[in-house]
Structure formats: structure tokens, C-alpha cells
Amino acid sequence: MLLAADAPPIPEVPPHTGGLLLLIDGTAGLLTVAVLGIVLLLVLIIKVRLQPFVALLGVSIAVGLAAGLSVTELFGTVQKSAAVSMIESGMGGILGHVAIIIGLGTMLGAILEVSGGAEVLSTRLLNLFGEKRAPLAMGVTGVVFGIPVFFDVGIFVLAPIVYAAAKRSGKSIVLYAMPLLAGLSMTHAFLPPHPGPVAAAGLFDVDLGWVILMGVVVGVPAVLAAWVYAAWIGKRLYVDVPQDMVEAAAEAKRAVADEQRASGVTPPEKPVALGTVLAIIGTPLLLILLATFSSIALDPSTLRSVVEFFGHPFVALTIALVLAYYLLGIRRGWSRQSLETVSTASLKPVGNILLVVGAGGVFGAVLKGSGIADALADTFNDVGLPVILLAWLISVVLRVAQGSATVAIVTTAGIVVPLVEGQSMSQAHLALIIMAISAGSIFASHVNDGGFWMVAKYFGISERDTLKSWTVLETVLSVAGFVVAALLSLVI
């Protein structure tokens, strides 16, 4: 019998030599493939206007073939074999982690929206802060309500509150809209369950608890800096309240009420309690954080296992969703059919997000499997710039070039992950790198970003004034977030 020690060594897999590497071999060829691939991706998204999912998937295949990957390596085989498809493993690897979290978070946000929880929260904060501090109240509303809902949903739900505050005071709508938008944008960029930080956490294999903690630590100073600019520009740029949007918001609210009545639900006269809204939003965050730090504070035990079970993101968000179903739905007279209708409708826009995130995972898998990622890592290491700075710069370039924050995050993460492999970085430090990537993904929102046009049209701001207010606001938020993350990385 052949002993393990006597077994012949397993031959190393020869480096890929096909595709473009036939013309330019070695590291130079791999870097050329990487640059051409990223340029092609940007051209397809910006110039050709190809859907980002299709662009990412097509470029991933092109990059793989150009780097010498075989068809079997990319797609596997028709028959059952040991061959693993990079496309399937890249897509499934990231979506297995991300899809459940985004789906649960989306349904939770929808219940909060339709039940009137957002309106109760913002109105209470306005009363608490007073008329003079109404812009600050808008900002706090954006931060709190931005945790469970997507950016565009937050604008749709909270815009009427901004209209009312601006109309009552007679001041510029910019003074009230910008703090709110800063809060929504901060949570969208830095905090789960939003797709960007969740996708990055999956790619870097970082616990969501660390991402939440660093998202708060980095995001709060960043949003404070953005609020300072919002107060400054709001006093210097006057924009009147758009009447057409006021009427559209009222019509949308009536449509929601009609839909509830059609489902056999009579909207209760008593509004949702503020404590209920805060408890539902805070429950998953608290459970996830407790589970993260139980591994540090507790020895292996039954108690620790229980804490880690309830603090797993899947379980924590499910608990929050069940609480929302009962406290905001069933207890207030909703039927099971109404709950199903609202939940199902909320998932319709999620498909595009999940496909883009999954295609980003494919791109990362191809970069790694082809050897391009290692070549990029060696090159960036030779440049001598800190990884966290490179991560932010790459994300900034991709964001400004193609507009989508999610595409910028997943593409940058695919490039940066190999740079940190083997460096024994702590979970906290990796979370700070994710924060740098997230900060770069919101830099300088302009005309190629759907959020730019949403802000301009919802609040009746001209394109030129949107550049002065919203675009600069996003830049301040991005730079401040990166500075905080970079400074923390020096000591963590």
C-alpha cells in the first residue's frame, strides 16, 4: 500500500496561456486584460446603456476567455464531473449570503412604509426638535428610517414631510431635503441590510455585526459633516416647493388607502406608536451586534450558541419581520392577504439588485480564478499605497464613471479582496476597508446616476442647482466617511 508520505506530489496547475496572453504573456498580459475588461464594462454601461447585470456577466466571460480560462472552467460540463463552473460558484457564493438578507430587509421596509410608521417617526421628530431645528429633524428621520428601507423608497415616503416643512416655514426646500437625503444616503452606503455593504461583507467574509458597528462609527461623523454643508447650501440656494409633487404624494397616499380597503382592511384611526417603530428597527441591529461580540466576551457554551443563533442576520431579520407583521399589521386589523400583497409587491424591484450583485460575484470569481486578481495585488502592493486608500480610489473611479453605487462596490470588492488575502487582517480592519469602498461608491453623484435625477425631480431642483447641492453633498459624505475609516484603520 502506498503511504501518504510516499505518494507522488500533485502537479501544480500550469498558468493560463491562452487568449490575449498569447500576445502579451505574464503579469503584463493579465494587467492588460484587467484594464481592458474594466474599460469595456464602463463603455457598455455608460455609452451602450446596457443593463449592468448583462454588462457584468458579458465582461466576466470576455475577461475569462481573454485570460486563457477554458470553457470548462467558466461553465463547467454538461455531464456530471468534478469541474466547477466559475460563473455558477461566483453567482451562488455571493447570493447565498446576500439574497435572504436583502429580501427580508425589503419586506420589513415595505410594512413600515405602508403602515404609516415613517410618517409617525418624522412627525414626532419635527415636534421634538421644534421649528428652528426642523432641518436637523429631517436629517435624523433620514438616518433612522433609512436603516430598513432603500434610498428611493425613503424619498418616496418622506418627501411629503419635506414639502410640508418647507411650505410651513416659507424657506427653501433645499434646507430640509438635503439633511434628509444625507441620512438616507449614509445608511444606504454604510449599513446593512442595504445591498452594497451586505454584498461587500459577503465577498470579504466579514461578519455583519462588524459592518454594522463600523458603519455607525464611520457613518455618523460623515453624516454630521454632510449636515453642516446642507445647512450652508440650504440658506444660499432658494428652491420653492414643487406643487405637482405635493399633489402626486397625496394621490399616492389615497391609492394606498384604497388598496387597503379593497383588501378588506379598514385603516385604523390611531397612528402607529413611535416606540413600536423604533423597537422593530432596532431589534435586528441589537441581536446581530450581540452575536458578534458574544464570540469575544463569552466562552463556548449553550448561552453563546443561543445568542449566536438569534443574532444570525437571517434569524434576526426574520424576527423583526414577524414583529412588524403582528404589531403593524395583524394587531391593527390587516388581513393575511394584505400582508402577503404588500410583501410580494415589495420584492419586485429587488430582482435587478440581486442580479447585479450576483454578476459582481461572477466578475470577482473570474478575476481570482484567472490569476488577474493576484497580478493586480502584486502590482498594487508595489505601488506602495495603503489598501484602504486604493479601495476608496478604485470605488470612486467606478462610481463617477458609471453611476451605480452597487456596481462600484461589487466590482471594487472583487479587485480588492485578493489584496487583503494572507495579510491576517482582523474582522474590524476588513470592515473599515468595506467602509472605504462604500464611501467611494457615493462620491459625486451626477447625471449618470439615477439618484441624481430622482432628487432633482422629486424636489423640483434644476440640474445646475442639484449639482451645487446634492452632488457636493454626496462628495462631502464620501470624503468624510473615507477620512474617518482611514484614521481608524491606523489604530485597529
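**Figure 1. Ser-395, a buried residue in helix H18.** In this predicted model, Ser-395 counts as buried because its relative accessibility is 0%. You will find Ser-395 in helix H18, which covers residues 387-402. Leaving aside residues up to four places away in sequence, the contacts of Ser-395 are Ala-408, Thr-412, Ile-437, Gly-440 and Ser-441.

**Figure 2. The protein as a whole.** Before going further into the details, here is the setting for the close-ups. The protein has 22 helices and zero strands. Of its 492 residues, 52% count as buried. Take the contacts in the protein with a separation of 6 or more: 80% of them come from residues 24 or more positions apart.

**Figure 3. Tyr-163 and Phe-459, an edge-to-face aromatic pair.** The model holds seven aromatic pairs by the ring-centre rule. In one of them, Tyr-163 and Phe-459 sit edge-to-face, with 6.2 Å from centre to centre and 70° between the planes. This pair ties together distant parts of the chain, as its two residues are 296 residues apart. Tyr-163 belongs to helix H7 (residues 151-169), while Phe-459 lies in the loop between helix H21 (450-458) and helix H22 (463-489). Are these two residues buried or exposed? Tyr-163 is buried, since its relative accessible area is 3%. Phe-459 is buried too, with a relative accessible area of 0%.

**Figure 4. Trp-392 and Phe-482, a stacked aromatic pair.** Here the rings of Trp-392 and Phe-482 are stacked, 4.7 Å centre to centre with 15° between the planes.

**Figure 5. Helix H9 packed against helix H19.** Two packed helices are described by the angle between their axes and the distance between the axes. For H9 (residues 195-204) and H19 (residues 405-420), the angle is about 20° and the axes are 9 Å apart. Angles under 35 degrees count as roughly parallel, so H9 is roughly parallel to H19. The crossing of H9 and H19 is right-handed. Which residues of H9 meet H19? They are Pro-195, Gly-196, Ala-199, Ala-200, Leu-203 and Phe-204. Their partners in H19 are Thr-406, Ile-409, Val-410, Ala-413, Val-416, Val-417 and Val-420. Sorted by class, the contact of H9 with H19 has 11 nonpolar, two polar and no charged residues.

**Figure 6. How H9 sits in the structure.** This view stays with H9 and looks at its burial. Eight of the 10 residues of H9 are buried, so this helix is largely enclosed by the rest of the structure. The buried residues of H9 are Pro-195, Gly-196, Pro-197, Val-198, Ala-199, Ala-200, Ala-201 and Phe-204. Among them, Pro-195, Gly-196, Ala-199, Ala-200 and Phe-204 also meet H19.

**Figure 7. Backbone details on either side of H9.** Most residues other than glycine have a negative phi, and most peptide bonds are trans. A cis peptide bond, with omega of about 10°, joins Pro-192 and Pro-193. Pro-193 lies in the loop between helix H8 (173-190) and H9. Just after H9 comes Asp-205, where phi is positive at about 60° although the residue is not a glycine. Asp-205 lies in the loop between H9 and helix H10 (208-234). Its relative accessibility is 62%, so Asp-205 counts as exposed.

**Figure 8. Arg-49, another residue with a positive phi.** Arg-49 has a phi near 60°, a positive value in a residue other than glycine. The loop between helix H1 (26-46) and helix H2 (52-66) holds Arg-49. Is Arg-49 buried or exposed? Arg-49 is exposed, because its relative accessible area of 61% is over the 50% cut-off.

Conventions: Residues are numbered from 1 along each chain as its sequence is written. This is a predicted model: local features need pLDDT of at least 70, side-chain atom pairs count only at pLDDT 80 or more; totals for chains, interfaces and linings use all residues. Side-chain values use heavy atoms; hydrogens and water are left out. Axes are lines fitted to C-alpha atoms, for helices over the stretch in contact, and angles run from 0 to 180 degrees between N-to-C directions. Helices (H or I, at least four residues) and strands (E, at least two) are DSSP runs, numbered from the N terminus. Angles under 35 degrees count as roughly parallel, over 145 as roughly antiparallel, 65 to 115 as roughly perpendicular and the rest as oblique. A crossing is left-handed if the near helix is turned anticlockwise from the far one by less than a right angle, and right-handed if clockwise. Contact means heavy atoms within 4.5 Å. Ala, Val, Leu, Ile, Met, Phe, Trp, Tyr, Cys and Pro count as nonpolar, Asp, Glu, Lys and Arg as charged, and the others, Gly among them, as polar. Buried means under 20% relative accessible area, exposed over 50%, partly exposed in between (1.4 Å probe, protein chains only). Rings of Phe, Tyr and Trp (its six-membered ring) pair if their centres lie within 6.5 Å; planes under 30 degrees apart count as stacked, over 60 as edge-to-face and the rest as tilted.
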